[in-house]
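Please read these notes with the model open beside you.

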Amino acid sequence: MDNSESIHPAVKLRHIRTFLDIASEGNLSAVARRQGITQPALSRTLAELETLLGQPLFLRQGRRLVLTEGGALFRRHATASLQSLEAGAAALRPRAGGTLRVGVLPTVASWFFPRVALRFREIRPEMVLAVETGPHFHLMRQLREGGIDLMIGRLPEARDMAGLSFEHLYEEDIVLAARHDHPLLHLPPAEALARSPLILPPVTAIIRRPVDDYLASLGLPNLRPALETVSLAIGRAVCRRSDALWFISRGVIAEELDRREMVLLPVRARYLAGAVGTTRRQTHDAPGLETLEEIARDIARTVPTGGD
């Protein structure tokens with residue numbers, strides 16, 4: 001064996017696929033049934049891989065197999081490597097059908113991303129866009145573990161960017177919104193906030209910290225929200241049926257603002273603006289990914305800008 005090699009030459013693709021299946025299921029018998037082999041044969045394949053890598057990849061907890069620290073590290077790299085191989089094979093058939101997996105945050109879900117998706121359909125009709133939605137921390141985990149190929153939304157925090165790259169598309173405000181006929185629109189934001197039910201982003205949302213900073217700057221650091229959400233359907237319905245005020249990214253309610261169903265109170269705080277763009281793994285590629293990124297750049301040039 002060449003000592004310069006970082007992986008044993010006896011490690012085969014079947015070892016990697018078996019390991020990833022077990023890591024996903026956490027159960028040998030389920031994977032064995034799916035692969036159509038016996039459980040002892042599956043156990044031997046896993047044992048071979050652990051021997052070749054020189055350390056255990058799983059711990060037993062009852063009937064479940066749980067990744068060791070080394071196993072979790074190997075899973076991230078194995079997932080990325082397998083996806084790169086699949087992308088390379090697909091690249092030899094550039095017009096073959098396939099699936100591009102995209103994580104979409106609420107800030108781009110209602111206005112920006114649908115336009116990207118429709119343009120992508122025009123250019124690459126043979127491909128399917130599989131869209132995953134959810135909070136920022138969930139999509140970041142999906143991105144790192146290979147569940148999605150790209151995430152579109154707010155710039156992640158610096159501590160979360162190791163091994164990832166972010167491409168800036170546009171700047172977007174966090175706004176304070178209300179129904180168009182809210183009775184307190186004439187008041188300064190601090191007074192209106194003190195007298196109205198409040199909807200805040202969840203504490204896990206990337207936009208929550210600047211909102212908390214803004215409330216503190218108004219002397220309202222302990223203002224208790226009636227609701228925490230970034231869901232358009234929920235936030236819009238609550239605002240329509242009440243006097244609630246909602247801190248939310250402008251893009252979430254862009255069409256409601258255009259139709260004057262919702263209006264904004266003038267917060268005028270520069271730090272309530274932030275970058276929106278695409279986040280991907282630095283070494284990852286997938287069929288259709290570059291096309292989607294180029295479409296996103298083009299449509300970003302049309303995003304409305306302006307104050308409250």
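1. Two residues are in contact when they have heavy atoms within 4.5 Å of each other. Leaving out residues up to four places away in sequence, Ser-196 touches His-182, Leu-184, Asp-243 and Leu-245.

2. The model is predicted, so local features need pLDDT of at least 70 and side-chain atom pairs count only at pLDDT 80 or more, while totals for chains, interfaces and linings use all residues. Residues are numbered from 1 along each chain as its sequence is written, and side-chain values use heavy atoms, with hydrogens and water left out.

3. The protein chain has 12 helices and 11 strands. Both are DSSP runs numbered from the N terminus: helices are H or I with at least four residues, strands are E with at least two. The C-alpha atoms fill a box of roughly 75 × 45 × 35 Å along the principal axes.

4. Of the 308 residues in the protein chain, 43% are buried. Buried means under 20% relative accessible area, exposed means over 50%, and partly exposed lies in between (1.4 Å probe, protein chains only).

5. Ser-196 sits in the loop between helix 8 (189-194) and strand 7 (198-200). With a relative accessible area of 11%, Ser-196 counts as buried. A polar atom of the Ser-196 side chain lies 2.8 Å from the backbone oxygen of Ala-192.

6. The largest nonpolar core has 24 residues, and Leu-100, Val-108, Phe-112, Val-116 and Tyr-170 have the most contacts inside it. Such a core is a set of buried Ala, Val, Leu, Ile, Met, Phe, Trp, Tyr and Cys residues joined through side-chain atoms within 4.5 Å. Two or more residues each come from strand 3 (98-104), helix 6 (112-123), strand 5 (150-154), strand 6 (164-179) and helix 12 (289-300). Helix 12 gives the largest share, six residues. A second, separate core of 21 residues includes Leu-176, Leu-187, Val-211 and Leu-220.

7. How do helix 6 and helix 12 pack, and at what angle? The angle is about 130°, with the axes 9 Å apart. Axes are lines fitted to C-alpha atoms, for helices over the stretch in contact, and angles run from 0 to 180 degrees between N-to-C directions. The two helices are therefore oblique to each other; angles under 35 degrees count as roughly parallel, over 145 as roughly antiparallel, 65 to 115 as roughly perpendicular and the rest as oblique. Residues making this contact include Phe-112 and Val-116 of helix 6 and Leu-292 and Ile-295 of helix 12.

Methods:
Polar contact = N/O pair within 3.5 Å; in protein donor to acceptor, adjacent residues only side chain to side chain.
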